[in-house]
Amino acid sequence: MMKGGVIMDVVTPDQARIAEDAGACAVMALERVPADIRRDGGVARMSDPEMIEGIKAAVRIPVMAKARIGHFVEAQILEALGVDFVDESEVLTPADETHHIDKFAFTVPFVCGATNLGEALRRISEGACMIRSMGEAGTGNIVEAVRHLRSILGDIRRVTQADSAELFDWAKKLQAPLPLVQEIAETGRFPVPIFCAGGIATPADAALAMQLGAEAVFVGSGIFKSDPSTVALRAKAIVEATTHFRDPHILAKVSRGLGAPMTGIGMDEINQRYAERGW
Amino acid sequence: MPPVIGVLALQGAFAAHAESLRRCGASTSEVRTPGDLAAVDALVMPGGESSTMSQLLESSGLFTAVAARISKGMAVLGTCAGMILLASEVLDGRSDQRSFSTLDISVRRNAFGRQIDSFEASIDTPEGPFHGVFIRAPRIERVGPGVDILGSLDGEPVLVRRGNVLAASFHPELAGDDRLHGYFVSVVSPGDVPDGHHRAGAGPAGAAVDTRERKREG
């Protein structure tokens with residue numbers, strides 16, 4: 001039941017409580033927010049179970065945690081810990097350069113990132129229950145998430161307009177299973193919820209994602225890498241903006257006095273594009 | 001003018017509720033502000049995170065407005081988190097979590113477990129079995145006088161009613177069975193909607209979608 005809500009990255013129980021107080025509908029428990037993973041370099045892995053358990057004990061809202069792409073043992077551990085969702089995430093260093101996790105082998109539901117419709121449908125065919133745009137995590141720059149959302153949602157609209165013969169070609173072009181392509185054409189909608197992630201830093205960014213057609217938003221570095229004195233206020237403002245995403249007067253009101261957002265990074269300044277991970 | 005049923009759209013499964021209501025012939029409208037509420041005749045409070053919804057009810061000014069409308073007799077259907085909002089007593093909630101205290105019931109938040117413990121089961125109702133989808137569901141631990149039990153699971157109440165206020169601990173909007181929504185529409189517009197006329201099965205594709213959604217939704 002996360003539609004219309006905000007899922008916030010947190011690295012400590014205190015941050016988890018701030019997120020819950022602000023109205024987050026879930027938290028993502030991880031050791032470092034993507035901006036720090038980007039800064040530190042090296043190999044990024046699943047978080048310490050103790051840290052995840054600390055966050056689980058701190059809040060009553062659902063807790064998600066990240067496993068590396070293809071690292072099914074990390075996912076098994078997260079399932080054993082009783083997390084509510086596993087994010088098979090490109091933000092961590094991939095463990096397998098060919099295969100994603102067979103998510104049907106798990107009871108815990110999975111969310112996966114995607115940059116286009118074909119990638120999104122391949123993740124569903126592996127058992128993902130929720131898709132998010134990849135965006136470019138840790139940049140505070142919404143441009144890639146917008147690109148991914150427009151690509152996925154635009155192609156969904158085009159598939160719903162295609163005739164039955166054209167669907168075979170769509171499946172081929174998308175490198176996606178034909179039955180899923182046909183299902184979109186028949187039902188006029190994507191089979192699972194689509195959320196936005198990667199680069200959301202302001203209430204306006206969250207509302208932009210929602211107006212483009214995302215059904216909920218993930219905010220990673222955007223909250224706890226912004227002005228520390230107004231972190232709680234910014235978190236709350238992003239929750240308000242995600243609910244009232246079509247009301248510019250409310251958006252104007254909640255965008256006031258939030259202090260400095262995270263500085264952010266331009267796409268030409270980064271040397272590692274996480275969104276290129278995933279196959 | 002046929003009545004308009006509002007769906008509280010602060011966070012959660014509001015879109016699926018609106019679709020079910022429309023299949024039952026109702027006009028629907030999303031409610032996010034007191035102004036939106038003024039334009040509707042009844043309200044559905046969906047599942048979602050009750051703490052998130054409770055905070056957004058406060059900040060939007062809707063808490064007071066909804067409480068006033070309920071006290072004047074507005075029909076309400078609350079499901080999952082929506083049921084928590086209607087309960088007179090919330091156990092295991094946040095200390096600052098507010099509810100409308102419309103139904104004299106005690107509910108325990110997430111009492112059926114975490115996401116991974118979500119399940120589907122057949123509910124006994126006077127209208128026959130109903131497919132219940134339970135996701136991080138609250139449990140009704142006490143039912144006060146004047147509250148009727150309309151549905152139960154293994155002898156435990158999961159669907160209750162007092163007058164035109166209905167509450168379910170499960171997600172009827174994900175069941176592919178619109179009878180409960182049809183019933184609510186008939187409560188809102190008595191005489192307009194023949195009873196038991198609204199069974200709408202989701203097609204095979206819809207059922208497949210639901211299966212994936214159930215595993216995911218929380």
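This is a predicted model: local features need pLDDT of at least 70, side-chain atom pairs count only at pLDDT 80 or more; totals for chains, interfaces and linings use all residues.

Reader: How many residues does the contact take from chain A and from chain B?

Author: Chain A contributes 46 residues and chain B contributes 39 residues. Between them the two chains bury about 3300 Å², with 52% of it on carbon and sulfur atoms. On the side of chain A, A:M1, A:K3 and A:R60 lose the most area to chain B, together 26% of what that side buries.

Reader: How many salt bridges does the rule find across the interface of chain A and chain B?

Author: Side chains of opposite charge can pair when their charged atoms come close. Across this interface the rule finds six salt bridges. B:E30 pairs with A:R246, their closest N and O atoms lying 4.0 Å apart. The interface also holds 18 residue pairs in polar contact.

Reader: Which parts does the salt bridge of B:E49 with B:R136 tie together?

Author: The closest N and O atoms of B:E49 and B:R136 are 3.7 Å apart. B:E49 lies in the loop between strand 3 (42-45) and helix 3 (50-60) of chain B, and B:R136 in the loop between strand 8 (130-134) and strand 9 (139-143), so the pair ties together parts that are 87 residues apart in sequence. Both residues are buried.

Reader: Is B:D177, the partner of B:R179 in a salt bridge, buried or exposed?

Author: B:D177 is buried, with a relative accessible area of 6%, whereas B:R179 is partly exposed at 21%. Their closest N and O atoms are 2.7 Å apart.

Methods: Residues are numbered from 1 along each chain as its sequence is written. Chains are lettered from A and ligands numbered from 1 in the order in which they are written. Side-chain values use heavy atoms; hydrogens and water are left out. Contact means heavy atoms within 4.5 Å. Buried area is the accessible area (1.4 Å probe) that two parts lose on being put together, summed over both. A salt bridge is a side-chain nitrogen of Lys or Arg within 4 Å of a carboxyl oxygen of Asp or Glu. A polar contact is a pair of N or O atoms within 3.5 Å; within protein, one must be able to donate a hydrogen and the other to accept it, and residues adjacent in sequence count only if both atoms are side-chain atoms. Helices (H or I, at least four residues) and strands (E, at least two) are DSSP runs, numbered from the N terminus. Buried means under 20% relative accessible area, exposed over 50%, partly exposed in between (1.4 Å probe, protein chains only).
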